[in-house]
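User: I have a structure open here and would like to go through it. Can we take it piece by piece?

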Amino acid sequence: MNGYEKEYRLGLYEKALPAGMTLPRKLVCAAECGFNWLELSVDETEERLARLEWTAAERRALAEEMFASGVPISTMCLSGHRKYPIGSEDDTVRARGMDILQKAVHLAADLGIRIIQLAGYDTYYEPSTERTRALFSENLRRCVEIAARAGVILAFETMETPFLDTVQKAMRYVEAMDSPFLQVYPDVGNLTNAAHGDAAAVRADLLCGRGHIAAVHLKESAPGIYRDLVAGEGHVDFSAAIRTAYELGVRMFTAELWCRDDGWRQNVEATGSRFAALLDRAANTGARSEAVR
C-alpha cells in the first residue's frame, strides 16, 4: 500500500480516525481505506506531546507495525507549537518550543518520517509583535540547523492567522534561511480562505512556491471556517489546486479531515476516492506544463 510505484502518493491525517484507535490499527485502517501513508499528529495536548518521549523499544515496535501493515508514517503534523511557539516572549515557553522541535526531529529520524509540517506561528495565544517575529526568525534558523543534522525536512504549513497564511509569506522565510531543509507544505483550505475563495489567487500563490513545495494538505474550508468540514461542503477548488501542485512537481498529498463519530469510515473512504480521482486526472494529463517552464 505504500504506493512508491505510483505517479503520486496519498496520505491520511491521523485525526481522520477515531482517537481511541491504536496507532497499529490506524496504520491498517489507512491501508484498508486506500491510503499510502499515515500522517502522525503531535499537537498541543500532553498526550500527543508525550509521543516525543517514546523509548527506543517503543519506536522500534512502531516501525515494525509500519512494515507489517505496508503503510509508513511518512509525515508528521507538528502543531504543538501552537501552545509552545518558538517566537514567544516568555523564555520558558520558547525553550519548550525548541525542545519540542528537537525531539520531533529525532523521532522523525528514528521512524523514517521524511517531512515535519511546521506550524507557521510566531505566537498564537499571545499578540504577534515585532519582537515575537524577531525571536521566531532567530529560533527558526536554529530549528533548520537541527533538521539539517538529521536529514529531516521542515516544511511550513500555511495557517489561519495573518502571520503566515500564504505560500508567498512562507517563502520569505524559506528564502531567508536558504536551506534544503526548510520548505513549504501548504494547506489548500487555509489558502482558499486567505484568498477569499478565489481559485485563481490560490493558484498564483502556489506558484510562488515553485521548487519548494514538499507536499500539500488537501483540506476543505469555508469563509471563517478552517476545520471539521467534509470535502464538498466548503469552497475549496480541489481540482484546480491539485492540478497546479502537480504541475509544480508535488507528488505527496495528504487528506486532512477530522473524525466524525457518525460514519467516519464512510467519510474517510469517500474523501480518499474523491482525491485519488482528481490526482489520477492530474497525472493522466501529463500536467507538467506552463507552471514549470
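User: In what sense do strand β5 and β6 pair, and over how many bridges?
Analyst: This is a predicted model. In it, β5, residues 153-157, pairs with β6 in the parallel sense, over 3 bridges.

User: Which residue in β6 does Ala155 stand opposite?
Analyst: Ala155 has Gln183 of β6 opposite.

User: What packs on the sheet there, touching β5 and β6?
Analyst: Helix α6, residues 167-177, does. The direction of α6 makes about 165 degrees with that of β6.

User: Back to the sheet. How many strands form it, and in what order?
Analyst: There are 8 strands in an open sheet, and the order is β6-β5-β4-β3-β2-β1-β8-β7. The pairing is parallel.

User: Which are the edge strands?
Analyst: β6 (182-184) and β7 (216-218), each of which pairs on one side only.

User: How much are neighbouring strands turned against each other?
Analyst: By 30 degrees on average, with direction ignored.

User: New topic: α5. Why does the distance between its end C-alpha atoms agree with its 21 residues?
Analyst: At 1.5 Å a residue, helix α5 (residues 130-150) should span 30 Å. Its end C-alpha atoms are 31 Å apart, so the two agree.

User: Which residues of α5 are buried?
Analyst: Thr132, Leu135, Phe136, Asn139, Leu140, Cys143, Val144, Ile146 and Ala147.

User: And what do those buried residues pack against?
Analyst: They pack against the helices α4 and α6 and the strands β4, β5 and β6.

User: What follows α5?
Analyst: Gly151, whose phi is positive, near 70 degrees.

Conventions: Residues numbered from 1 in each chain as written. Predicted model: local features only at pLDDT ≥ 70, side-chain atom pairs only at ≥ 80, totals over all residues. Heavy atoms only, no water. Pairing = 2+ DSSP bridges. Helix = DSSP H or I, 4+ residues; strand = E, 2+ residues; numbered from the N terminus. Axes fitted to C-alpha atoms, helices over the stretch in contact; angles between N-to-C directions. Contact = heavy atoms within 4.5 Å. Expected span 1.5 Å × (residues − 1). Buried < 20%, exposed > 50% of the residue type's maximum accessible area, 1.4 Å probe, protein only.
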